[in-house]
Amino acid sequence: MSDARDTITRIARPLEDIEEALKDVIDPELGVNIVDLGLVYGLRYSEENVLEIDMTLTTAACPLTEIIEEQVSQALKQLVTVYHLNWVWTPPWGPERITDDGRDQMRALGFNL
């Protein structure tokens with residue numbers, strides 16, 4: 001019975017909690033989380049209570065897609081039972097999508113923004 005309640009709790013998590021959890025997903029090349037890099041384009045629940053994540057990468061040819069997918073899975077495993085990661089390429093990612101916190105993180109790592 002507690003498993004059923006746990007499932008319901010994980011389905012109903014607020015999107016703010018999901019976004020916060022995704023800040024634990026660090027882009028392996030840039031060392032900044034995917035939310036502050038502006039790689040997460042959208043979060044929503046479908047009518048079937050599946051978390052839909054629209055996300056992009058800095059380049060479509062990124063060789064680290066599987067690493068990021070695994071990190072997303074780890075970040076969300078206690079929050080949702082089912083999610084779908086939609087890789088989107090339009091609009092293309094650009095540095096203007098980086099948040100102020102992301103810019104601060106990149107500067108701390110030595111990037112000149």
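## Getting started

Helices (H or I, at least four residues) and strands (E, at least two) are DSSP runs, numbered from the N terminus. Counted this way, the protein chain holds 4 helices and 3 strands. Along the sequence, they follow the pattern α-α-β-β-α-β-α.

A word on the source: this is a predicted model, in which local features need pLDDT of at least 70 and side-chain atom pairs count only at pLDDT 80 or more, while totals for chains, interfaces and linings use all residues. Residues are numbered from 1 along each chain as its sequence is written, and side-chain values use heavy atoms, with hydrogens and water left out.

## Burial and contacts

Let us begin with the chain as a whole. A residue is called buried under 20% relative accessible area, exposed over 50% and partly exposed in between (1.4 Å probe, protein chains only). Of the 113 residues of the protein chain, 38% count as buried.

Contact here means heavy atoms within 4.5 Å. Taking contacts between residues at least 6 apart in sequence, 65% join residues at least 24 apart.

## The sheet and its helices

Two strands pair if DSSP finds at least two bridges between them. The strands form an open sheet of 3 strands in the order β1-β2-β3, with mixed pairing. Because β1 and β3 (83–87) stand at the edges with a single partner strand each, one side of each is left without a neighbour in the sheet. Neighbouring strands of this sheet are turned by 15 degrees against each other on average, direction ignored. The pairing of β2 and β3 is in the parallel sense, over 5 bridges; in β3, Leu-85 is the bridge partner of Ile-53.

Which strands does α2 touch as it packs on the sheet? They are β1 and β2, and the direction of α2 makes about 140 degrees with that of β1. Helix α3 also packs on the sheet, touching β2 and β3, with its direction at about 150 degrees to that of β3. For these angles, axes are lines fitted to C-alpha atoms, for helices over the stretch in contact, and the angles run from 0 to 180 degrees between N-to-C directions.

## The nonpolar core

A nonpolar core is a set of buried Ala, Val, Leu, Ile, Met, Phe, Trp, Tyr and Cys residues joined through side-chain atoms within 4.5 Å. The largest one has 28 residues, and those with the most contacts inside it are Ile-18, Leu-22, Ile-34, Ile-53, Val-72 and Leu-76. Two or more residues each come from α2 (15–22), β1 (40–45), β2 (51–55) and α3 (65–76). The largest share, 4 residues, is from α3.

Ile-18 has its place in helix α2 and is buried, with a relative accessible area of 0%. Leaving aside residues up to four places away in sequence, Ile-18 touches Arg-13, Leu-43, Tyr-45, Leu-51, Leu-76, Leu-79 and Val-80. Ile-18 and Leu-51 are 33 residues apart along the chain, and their C-alpha atoms are separated by 9.2 Å.

## Salt bridges

The structure holds 4 salt bridges, each a side-chain nitrogen of Lys or Arg within 4 Å of a carboxyl oxygen of Asp or Glu. One of them joins Asp-54 and Arg-44, with the closest N and O atoms 2.8 Å apart. Asp-54 lies in strand β2 and Arg-44 in strand β1, so the pair ties together parts that are 10 residues apart in sequence. Asp-54 counts as buried at 16% relative accessibility, whereas Arg-44 is partly exposed at 36%.

Another salt bridge links Arg-107 with Asp-104, the closest N and O atoms being 3.3 Å apart. Both residues lie in helix α4 (residues 100–108), 3 residues apart, about one turn of the helix. Lys-23 forms a salt bridge with Glu-20, and here the closest N and O atoms are 3.9 Å apart. Lys-23 is partly exposed at 26% relative accessible area, and Glu-20 is partly exposed at 48%.

## An aromatic pair

Rings of Phe, Tyr and Trp (its six-membered ring) pair if their centres lie within 6.5 Å; planes under 30 degrees apart count as stacked, over 60 as edge-to-face and the rest as tilted. This rule gives 1 aromatic pair. Trp-87 and Trp-89 form it, stacked at 6.4 Å centre to centre with 10 degrees between the planes. Trp-87 is partly exposed, at 23% relative accessible area, and Trp-89 is partly exposed at 38%.
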